[in-house]
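Welcome! Have a look at the model first.

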Amino acid sequence: MSLTSVVRKLLESIIRDQILDCLNQTVFTTAQHGFVKGRSCLTNLLEVLEHWTNCMDEGYGVDVIYLDYKKAFDTVPHQRLLTKLRMVGITGDLF
C-alpha cells in the first residue's frame with residue numbers, strides 16, 4: 001500500500017508541475033498569488049496592504065469586501081473543469 005501511495009504522490013506532483021507551468025505561461029498574471037511559486041496569501045496581503053496604505057496616504061477612502069470561496073470548490077463538475085483546461089491550452093498527454 002505504501003508503494004502505491006508514493007507512486008501516486010509522485011505522479012500527482014509531476015502533473016501539478018506541468019499544469020502550473022502551462023498556466024504560468026498562459027493564464028496567470030503578476031497579480032496571481034495562489035499556486036505561484038514564491039507567492040502566497042501572505043505576499044498577497046502585504047501587497048494589498050501596501051496599496052491600501054498608499055491610497056489612504058493620498059487622502060482616498062478604502063472600502064474592503066472579503067468573499068469566502070472555500071465552499072464553492074467543495075464540489076467540482078469534472079466535465080466543466082476539463083472544458084476549461086482545454087480552453088487555456090492544456091492538451092495532449094497532460095490533458
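**Exercise 1.** Find how the radius of gyration of the protein compares with that of a compact globule of 95 residues.

Solution. Start with the rule, 2.2 Å times the number of residues to the power 0.38, with the radius taken over C-alpha atoms. Next, look at the C-alpha trace, which spans about 60 × 30 × 30 Å along its principal axes.

A word on the model: it is predicted, with local features needing pLDDT of at least 70 and side-chain atom pairs pLDDT 80 or more, while totals for chains, interfaces and linings use all residues. Residues are numbered from 1 along each chain as its sequence is written, and side-chain values use heavy atoms, leaving out hydrogens and water.

**Exercise 2.** Work out which pattern the secondary structure follows along the sequence.

Solution. Count DSSP runs: helices (H or I, at least four residues) and strands (E, at least two), numbered from the N terminus. There are three helices and zero strands. Read in order, the pattern is α-α-α.

**Exercise 3.** Locate the partner of glutamate 12 in a salt bridge.

Solution. Search for a side-chain nitrogen of Lys or Arg within 4 Å of a carboxyl oxygen of Asp or Glu. The partner is arginine 8, with the closest N and O atoms 2.9 Å apart.
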